[in-house]
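Here is a friendly walk through the model shown below. Keep the structure open as you read, and look up each residue as it comes along.

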Amino acid sequence: MSKSKKFDIRLSEKRTGWTAEITRQVTSRSTTVSKRENGFETEELAKEWAEKELAGFIKNQAERNERKSEQRKERDEIRHTKELKAEQAREARAKAREADDFDAE
């Protein structure tokens, strides 16, 4: 089994054979099926498929999270740069207004 609390496998026997499911914990009370495969002849075959798929599924999820993290960092850096430029422009305008007010006196 997996060490992940977010993803797990579920095996069930049906009329057509065994079914293996990869489930995802959405909330503390709710789970959803992320991937399902039907028609296994034995429980061992279903479990073997599910464990192999779960490992790949978690690996893909970790890679996706890493990509999203990089994109988020880039967005935050751009936003921070824009905020700094805006702050500098506000300060420059404030200084210009103060200089105009001082000259008017």
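## A salt bridge to start with

Glu87 and Arg90 join their side chains in a salt bridge, with N and O 2.8 Å apart; the term stands for a side-chain nitrogen of Lys or Arg within 4 Å of a carboxyl oxygen of Asp or Glu. Both Glu87 and Arg90 belong to helix H1, three residues apart, or about one turn of the helix. Helices here are DSSP runs of H or I with at least four residues, strands are runs of E with at least two, and the numbering starts from the N terminus. Glu87 is partly exposed at 35% relative accessible area, and Arg90 is partly exposed too, at 42%. The labels work like this: buried is under 20% relative accessible area, exposed is over 50%, and partly exposed lies in between, using a 1.4 Å probe and protein chains only.

Before going further, please keep in mind that this is a predicted model, in which local features need pLDDT of at least 70 and side-chain atom pairs count only at pLDDT 80 or more, while totals for chains, interfaces and linings use all residues. Residues are numbered from 1 along each chain as its sequence is written, and side-chain values use heavy atoms, with hydrogens and water left out.

How many salt bridges does the structure hold? There are seven. Side chains of opposite charge can pair when their charged atoms come close.

One of them joins Glu63 to Lys59, whose closest N and O atoms are 3.4 Å apart. Glu63 and Lys59 sit four residues apart in helix H1 (residues 43-104), so about one helical turn separates them. Glu63 is partly exposed, at 37% relative accessibility. Lys73 and Glu70 also meet in a salt bridge, at 4.0 Å from N to O. These two lie three residues apart in helix H1, about one turn of the helix. Lys73 is partly exposed at 46%, and Glu70 is partly exposed at 37%.

## The three-stranded sheet

Now turn to the strands. Three of them make an open sheet in the order S1-S2-S3, with antiparallel pairing; two strands count as paired if DSSP finds at least two bridges between them. At the edges are strand S1 (7-14) and strand S3 (31-40), each pairing on one side only. From one strand to the next, the twist averages 20 degrees, based on axes that are lines fitted to C-alpha atoms (for helices over the stretch in contact), with angles running from 0 to 180 degrees between N-to-C directions. Strands of a sheet pair through backbone hydrogen bonds, either parallel or antiparallel.

S1 and S2 are antiparallel and joined by eight bridges. They form a hairpin with two residues between them, and Lys14 has Gly17 in S2 as its bridge partner. Strand S2 (residues 17-25) is joined to S3 by seven bridges, again antiparallel, and the hairpin from S2 to S3 passes through five residues. Across this pairing, Ala20 stands opposite Glu37 in S3, and Glu21 stands opposite Arg36 in S3. Glu21 and Arg36 are also linked with Arg10 in a network of salt bridges.

## Buried and exposed spots

Setting aside neighbours within four places in sequence, Thr23 is in contact (heavy atoms within 4.5 Å) with residues including Phe7, Ile9, Arg10 and Val33.

Thr16, by contrast, lies in the loop between S1 and S2 and is exposed, at 66% relative accessible area. Thr16 and Glu91 are 75 residues apart in sequence, and their C-alpha atoms are 73 Å apart in space.

## Aromatic pairs

The whole structure contains two aromatic pairs. Rings of Phe, Tyr and Trp (its six-membered ring) pair if their centres lie within 6.5 Å; planes under 30 degrees apart are stacked, over 60 edge-to-face, and the rest tilted. Phe7 and Phe57 make an edge-to-face pair, 5.2 Å centre to centre with 75 degrees between the planes. This pair links distant parts of the chain, with Phe7 in strand S1 and Phe57 in helix H1, 50 residues apart. Phe7 is buried at 7% relative accessibility, whereas Phe57 is partly exposed at 22%.

In the pair of Phe40 and Trp49, the ring centres are 5.8 Å apart and the planes lie at 45 degrees, so this pair is tilted. Phe40 is buried, at 15%, and Trp49 is buried as well, at 14%.
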